[in-house]
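This report describes selected features of one protein model. Please examine the sequence and the structure shown below before reading on.

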Amino acid sequence: MPNKDEILKRTNNGLDVFKHYIPGQWRIGRNFLNPLYEDRKASCNIYFDRRNGSYRLKDFGNDAFSGDCFDIVGKLKSLNCSNSKDFIEILEIINSDLHLGLNEDDSPLVVSMSPKPVRESKPNLTQQPDPPKKAKPYSIIQQSFSAKETAFWKQYGITLEILKNYKVFSLREFKSENSEGKPFTFTTLDNEPIFGYTGKKHVKIYRPFSGIRFLYGGTMPENYCFGLEQLPAKGDTLFITGGEKDVLSLVSHGFHAICFNSETSNIPQHIVKKLSYRFKHIVLLYDTDKTGLDASLKHAQQLADLGVKRLVLPLAGTKQEKDISDYFKVGNTREDLIKLFIEFLDNLYSETMSILKPCEIDFNNPPVQAEMIISINDVPLGTQGNLFGVTGGEGTGKSNYVGSLIAGTVRNADFSIDTLGTAILPNITNKAVLLYDTEQSEVQLYKNIGTVLKRGKQSAMPDYFKAYCLTSMSRKERMQAIVQSMDRFYYQFGGIQMVVIDGIADLVRCANDEAESIAVIDELYRLAGIYKTCIVCVLHFIPNGMKLRGHLGSELQRKAAAILSIEKDENPQISVVKALKVREGSPLDVPLVQFSWDKNLGMHVYLGEKPKEEKEKRKEVELSGVAKAIFSKQRYCTYVDLCEQIQSILDVRERTAKSYIRFMRDKEIILKDPSNASYFIIGHING
């Protein structure tokens, strides 16, 4: 195996390597045009570094090409010298291309990353840690942004407010030392401004119109990541770009973005892994020149297991048109980038969307009539970023209640319709409204949509309302179709107003499988937060009092902001909407809403609320059941224990549980123990 020291020895300290890979008539110590890219100013120099005893290249026009002979070969072959595996490959390439004849017989087993002797008797197979980097002394003098400097940033859409938020300053002066310890000073000029990306212990200097564009002062972090501190806790898409200006330009147009030190820098996988939990997409958006394309392809391959994707901008790849800043500078807008991203998603999800297309309900083309099958529907309702559950038995009017919620949501104006006693925010901005049905036949779903449009006073089906019959798909395909199509429609319609999943039990193999139930509810809850929408989960279980049955029901009740149950009244012609859970407050204090079928209108209509006495009666019955459950296992119970058990059984907060205890005492459902006032016992309960 070739080693670094032997290669330097046989190539005149690396000079022969430069001569082999860098074409042209260049001379040591003289500036020349770098032939490895489209260089227009002779600012590239090969010199002998006395401290390291080897030749190095310094490119003041593009610092990414600066380094020793191993760095340059790594750059040309898209390999990273700091990666031991890549470095070995670089050594082997040089050995092969220059015909050095190094093999396993005349070189040690360990690749030497620095000129250190290796003992032949006992090779040191452990890699020595790098010595701590010496801080580079510097000083800066800040100043206010001039009109010309402000205009420079404005052409990319970047405002002074964003520059301040990302700690970017205009500098009057920058002082530091070169590699030989000699001091130097850069002063801003009218045509050569100086900007500083400042950190806690470092500054990165940016001189956009100068020969030396980038400089550093202080101690750069080992995993330098610009924009990381400014990211939100959760988001839809995160772009990884090639430079700080690109980050600022994306942020200015409403996107989330970060960058590492350069396009060729190693991207720490542990950082990306943590970010993958917070963002739906992490996308590489690098320059479209050869360096950027090669680097983004390599990073995409290395980070594929973390779901990192690669988007290529439609730019020429020239010096004037190659990055996202240039993309916005030439006149493209936020909407143009979103359109480009939608095309990217279409390619990514092409197979899923093709499978999903036949499942879409085409209201203008009725399906072939088939044998009618009764479908049970539940009714969801909720708030942005949360789940809302609806449950109930067969024949309770769930289908029409769910339809009333959808009818209210597809309205793009605030006009009055009968939503069966539920207040629904109109969809003013025409965001997507999505219905996924896993139980009903295609014919029945088509009829239900007709009733929805009739109730909502719609003459045609809006393009932002999508309804899918998923009965023909497997359970795994259903979940994948829901996740990917939601992502697609979120970008197409600028958001999602509401999602209805009618029959979430059909997304899992068994509703009593705890692990599978938790995974499905967690994923739906995550999607609700990412897309800032309400996901209505219809569960075809009859609740047992105030609790839902099965692991799926328990998990939904734990995560949902609220749960509704649709039940038949004592009069079977009337359906009643009862709250099983309300995150804020007591579900037993929520009015009981009534609705029934109107033959003349051909739909259910709102009948108003049940009397207050009925609500009190329901509260007494439900809390009597809770008391029976608690005291069936124990004869005595302290106030604290009773409060905790009520919280656990009914999934309510402490203040609500305390109000229930007061009610139970008033109705003598529970009593003070005559022999010990610190305990409660069961009271007078009928049945």
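## The sheet of S23, S25 and S24

In this predicted model, three strands make up an open sheet in the order S23-S25-S24, and their pairing is antiparallel. Strand S23 (637-638) and strand S24 (670-673) are the edge strands, each of which pairs on one side only. Between S23 and strand S25 (residues 676-682), the antiparallel pairing extends over 2 bridges. Within this pairing, threonine 638 stands opposite tyrosine 679 in S25.

A helix accompanies this sheet. Helix H18 (residues 612-631) packs on it and touches S23, S24 and S25. The direction of H18 makes about 110° with that of S25.

## The sheet of S1, S2 and S3

Another open sheet contains 3 strands in the order S1-S2-S3, with antiparallel pairing. Strand S1 (44-49) and strand S3 (67-68) stand at its edges; each has a single partner strand, so one side of each is left without a neighbour in the sheet. Strand S2 (residues 54-59) pairs with S3 in the antiparallel sense over 2 bridges. Here leucine 57 has glycine 67, in S3, as its bridge partner.

Strands of a sheet pair through backbone hydrogen bonds, and the pairing may be either parallel or antiparallel.

How many of the 7 residues of strand S17 (residues 496-502) are buried? The number is 7 of the 7, so the strand is largely enclosed by the rest of the structure.

S17 takes part in two pairings described here. With strand S15 (residues 432-437), S17 pairs in the parallel sense over 6 bridges; aspartate 437 has aspartate 502, in S17, as its bridge partner. With strand S18 (residues 534-539), S17 pairs in the parallel sense over 5 bridges, and methionine 498 stands opposite cysteine 534 in S18. From S17 the chain crosses through H16 to S18, and this β-α-β crossover is right-handed.

## Salt bridges

Side chains of opposite charge can pair when their charged atoms come close. The count of salt bridges in the model comes to 22. Three of them are described below.

One of these salt bridges joins the side chains of aspartate 287 and lysine 322, at 3.9 Å from N to O. The pair links distant parts of the chain, 35 residues apart: aspartate 287 is in the loop between strand S12 (279-285) and helix H9 (290-302), and lysine 322 is in the loop between strand S13 (308-310) and helix H10 (324-329). Aspartate 287 and lysine 322 are both buried. Another salt bridge joins lysine 559 and aspartate 522, with an N to O distance of 2.4 Å. This pair also links distant parts of the chain: lysine 559 lies in helix H17 (residues 550-559) and aspartate 522 in helix H16 (residues 514-531), 37 residues apart. Lysine 559 has a relative accessibility of 16%, so it counts as buried, whereas aspartate 522 has a relative accessible area of 32% and is therefore partly exposed.

The side chains of glutamate 654 and lysine 658 meet in a further salt bridge, at 3.3 Å from N to O. Both residues lie in helix H20 (residues 654-666), 4 residues apart, which is about one turn of the helix. Glutamate 654 has a relative accessible area of 43% and is partly exposed; lysine 658, at 30% relative accessibility, also counts as partly exposed. Elsewhere, salt bridges that share partners join Asp287, Asp289 and Lys322 into one network.

## Confidence in the model

Where in the protein chain is confidence lowest, and where is it highest? The lowest value is in helix H12 (residues 350-356), at a mean pLDDT of 78, and the highest is in helix H7 (residues 244-252), at 96. For the protein chain, the mean pLDDT is 84, and 92% of its residues reach 70 or more.

How values were computed: Residues are numbered from 1 along each chain as its sequence is written. This is a predicted model: local features need pLDDT of at least 70, side-chain atom pairs count only at pLDDT 80 or more; totals for chains, interfaces and linings use all residues. Side-chain values use heavy atoms; hydrogens and water are left out. pLDDT is the predictor's confidence in each residue, from 0 to 100. A salt bridge is a side-chain nitrogen of Lys or Arg within 4 Å of a carboxyl oxygen of Asp or Glu. Buried means under 20% relative accessible area, exposed over 50%, partly exposed in between (1.4 Å probe, protein chains only). Two strands pair if DSSP finds at least two bridges between them. A crossover is right-handed if, with the strands pointing away from the viewer, the path from the first strand over the helix to the second runs clockwise. Contact means heavy atoms within 4.5 Å. Axes are lines fitted to C-alpha atoms, for helices over the stretch in contact, and angles run from 0 to 180 degrees between N-to-C directions.
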